[in-house]
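Q: I'd like to learn how to read a model like this one, feature by feature. Can we go through it together?

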Amino acid sequence: MSFPWAEEYRPKHPFMRWLDERLPLPRLVYGAVGGGYPVPRNLNYFWNFGVLAGVALALQIVTGIVLAMHYEANAETAFNSVEHIMRNVNQGWFLRYAHANGASFFFIVTYIHIFRGLYYGSYKAPREMVWMLGLVIFLLMMATAFMGYVLPWGQMSFWGAKVITGLFGAIPLVGEPVQQWLLGGFAPDQPTLTRFFSLHYLLPFVIFGVVVLHIWALHIPGSGNPTGVDVKSPQDTVPFHPYYTAKDGFGLGVFLILFAILLFFLPNYLGHPDNYIPANPLSTPAHIVPEWYFWPFYAILRAFTVDFILPAKLWGVLAMFASILLLFFLPWLDKSPVRSGSYRPTFRIFFWILIADVLVLGYCGGMPAEEPWVMLSQVATMYYFAHFLLILPILSMVERTLPLPNSISESVLHGEEQEAAPVGVKPATAAE
Amino acid sequence: MVRFFGFLVGLGFVGVAAWSLLWGVIAYVSEPPAETVEHRFHLHPEHVDFSFEGPLGRYDRQQLQRGFQVYKEVCAACHGLNQVAFRNLADLGYSEAEVRAIADQWQIQVPSINPETGEPAGRNPIPADRFPDPYPNETAARAANNNAFPPDLSLMAKAREGGAHYIHSLLIGYRNPPAELPEANRPGQGLYYNPYFANLNIAMPPPLTADGQVTYADGTPATINQMSTDVSAFLNWAAEPKLESRHQGGLVILIFLIFATILAYLSYRNIWAAAKRNVRATGPLDPANIARRQAAEREAGIEG
């Protein structure tokens with residue numbers, strides 16, 4: 001485990017002792033999310049979002065498995081089977097609205113989780129592997145969400161599938177064969193629907209596996225914290241349970257309240273009306289837009305409008321993939337030894353510009369490809385790449401950072417004289 | 001090394017995006033995008049106060065029955081409702097016998113076979129049947145409608161921006177084209193000007209033409225506006241029949257969640273009470289931390 005003062009699992013009940021000796025599963029849970037995982041005592045509410053993303057994944061898997069019992073992955077009947085779920089399956093409307101809006105909430109909490117990592121430098125050593133596994137989860141989420149949106153076989157399902165797989169067609173030489181291989185034909189049809197359904201069922205379990213790796217990798221150095229200062233002594237930490245289970249319980253309550261408001265009172269607010277029209281290969285919608293959580297990337301894709309050595313479309317595709325892949329290199333692009341944005345005044349300015357920039361990209365991505373949205377997304381795309389590839393590397397070399405607190409306890413005690421008592425750690429353990 | 005290559009890649013993407021922007025600006029300045037005719041004349045749906053809106057909204061059963069009557073006597077001649085079954089009409093407040101009668105007397109038959117010969121035939125619908133389509137296929141529908149295809153109305157209230165408001169506005173929105181409408185956008189043969197429709201010219205002839213077109217069973221005066229509001233409400237029910245259980249269930253769940261969250265908050269405070277005495281508030285937003293930071297910034301000579 002991460003720190004020498006981590007509480008060891010001592011089963012009290014004879015059955016648990018019997019079980020622990022044969023299968024140390026209780027020990028694993030205790031060390032992962034129980035009293036045996038010491039966590040910095042100064043985490044703020046932004047540290048709730050990892051757990052919330054895990055809950056969102058669980059909700060998606062549970063609702064999705066039940067939906068799959070009623071859904072038909074058949075181009076003739078898929079649309080009607082979704083309406084059958086909405087009208088005739090007991091509480092089917094709840095399952096489907098929970099699943100569709102659950103995807104949106106999964107992305108909301110994941111985006112907050114990612115930006116928390118960007119602000120507090122969670123990607124920096126020794127947590128690079130945690131960061132990169134998180135990005136793998138994010139990519140898998142995007143693939144899963146995209147394929148899930150195709151399943152109702154409405155107009156946006158069909159045309160979204162056509163546009164997104166068409167991106168691969170921009171790759172020179174192999175593009176078209178790859179596109180046909182993905183679709184199982186020249187256009188989205190029955191083979192596309194069945195393979196997307198199969199993969200949409202598979203990938204969440206792959207995500208679950210990578211989440212296990214993500215948490216495993218996190219437990220090697222232990223959780224970061226808002227100061228970015230390493231944990232130095234037992235005074236700096238509290239056991240995950242009950243301290244952060246309680247805090248996460250409250251965070252989960254707030255999350256579920258917001259989720260319930262959307263699900264029960266605005267279930268179609270984040271959806272597109274065109275997806276209530278059955279897929280029709282002969283009628284193109286006026287504006288093809290993906291789901292809102294893809295809008296920033298969609299804006300980057302459409303920002304490249306002029307050929308320059310390579311065709312404009314290929315630039316757009318490259319930029320869209322690069323905009324995510326560059327995040328894998330972030331730990332080596334930003335070499336500032338100070339992790340937390342709270343002690344990097346100049347970084348903080350650029351961070352908030354980046355937040356505004358991504359929001360602008362998202363807004364432009366949801367608008368039709370007309371002026372002034374295209375020009376605006378071009379400016380925002382320039383800043384996005386400049387931020388990560390030009391500004392951060394230079395900034396981390398020249399920036400004047402603020403003095404760091406000596407320890408987490410010091411940062412939260414505001415110079416109080418007395419030593420903070422170790423919280424939730426038995427004095428005997430602390431003294432060892 | 002990573003930073004060097006990152007720098008090159010960054011310059012590449014920023015440069016090409018800037019190049020695109022340059023051409024975009026040149027095009028924008030030399031040829032400012034003209035306002036499209038659709039953009040200029042298109043109207044957004046008018047707002048109607050429907051009883052089913054808002055977090056506690058419920059359907060008005062009388063209104064749904066009136067709306068169903070309008071659908072049955074006006075719309076059903078051309079538009080299907082194939083996601084809805086006759087048995088669902090019980091939701092509108094009809095008794096079982098009434099539903100059976102409505103199904104049995106429906107103007108369109110359900111495709112069937114002759115039980116003696118096995119040849120294609122038709123039979124009267126039963127409550128378990130869905131509303132039969134008015135046309136056997138799209139070709140037949142187009143042939144009967146000047147090559148336009150009347151869409152199924154089951155999900156219309158969710159499949160258009162503005163929903164029931166849009167349907168209402170569209171039904172009462174027919175008018176003579178304005179004088180300044182360009183010639184190319186004037187309604188051609190078999191088209192009707194309607195500013196609420198996306199491309200301004202719709203193939204559907206005005207369906208509600210005169211007050212009293214439908215004689216309401218409950219005696220409500222059947223003005224065009226009334227008929228259009230009622231049928232819009234009915235179509236909203238057809239698209240979202242579970243709206244009431246959704247609203248009611250949502251309210252119960254929300255009350256439960258708020259209660260549970262308050263308890264969770266109190267237990268969080270309780271568990272942290274001992275630790276908080278030492279920890280107090282944390283993070284960059286804590287007032288004490290802000291003061292500390294500002295002091296440190298002054299010390300370090302950073303202004304602002």
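Predicted model: local features only at pLDDT ≥ 70, side-chain atom pairs only at ≥ 80, totals over all residues.

Q: Is Pro177(A) buried, exposed or partly exposed?
A: Buried means under 20% relative accessible area, exposed over 50%, and partly exposed in between (1.4 Å probe, protein chains only). Pro177(A) comes out at 48%, so partly exposed. Its C-alpha is 44 Å from that of Leu256(A), which is 79 residues away along the chain.

Q: What does chain A look like overall?
A: Chain A has 17 helices and two strands. Its radius of gyration (over C-alpha atoms) is 24 Å, close to the 22 Å from the globule rule for 432 residues, so chain A is as compact as a globular protein of that length. That rule is 2.2 Å times the number of residues to the power 0.38. The C-alpha trace spans about 75 × 60 × 40 Å along its principal axes, and 56% of the 432 residues count as buried.

Q: How do I read empty space?
A: Rolling a probe the size of a water molecule over the atoms shows where empty space is left. On a 1 Å grid over the protein atoms alone, a cavity is a set of points where a 1.4 Å probe fits but cannot get out; a pocket is an open set with protein on both sides within 12 Å along at least five of seven lines; lining residues have an atom within 4 Å of a point. Grid points are joined across faces, edges and corners, and a volume is the space filled by probe spheres set on the points.

Q: Which residues lie nearest the centre of the second largest pocket?
A: Gly50(A), Val211(A), His214(A), Ile215(A) and Leu218(A), out of 46 lining residues. The pocket holds about 1400 Å³ of space. H9(A) gives the largest share of the lining, eight residues. By class there are 31 nonpolar, twelve polar and three charged residues; Ala, Val, Leu, Ile, Met, Phe, Trp, Tyr, Cys and Pro count as nonpolar, Asp, Glu, Lys and Arg as charged, and the others, Gly among them, as polar.

Q: And how many cavities of 30 Å³ or more are there?
A: Four. The largest cavity holds about 40 Å³, and its lining includes Arg302(A), Cys364(A) and Trp373(A). Helices H11 (295-303) and H15 (373-398) of chain A each supply at least two of its lining residues.

Q: Where is Trp153(A) placed?
A: In the loop between H6 and helix H7 (155-168) of chain A. Trp153(A) is not a glycine, yet its phi is positive, near 55°. At 7% relative accessibility, Trp153(A) counts as buried.

Technical notes: Residues numbered from 1 in each chain as written. Chains lettered and ligands numbered in written order. Heavy atoms only, no water. Helix = DSSP H or I, 4+ residues; strand = E, 2+ residues; numbered from the N terminus.
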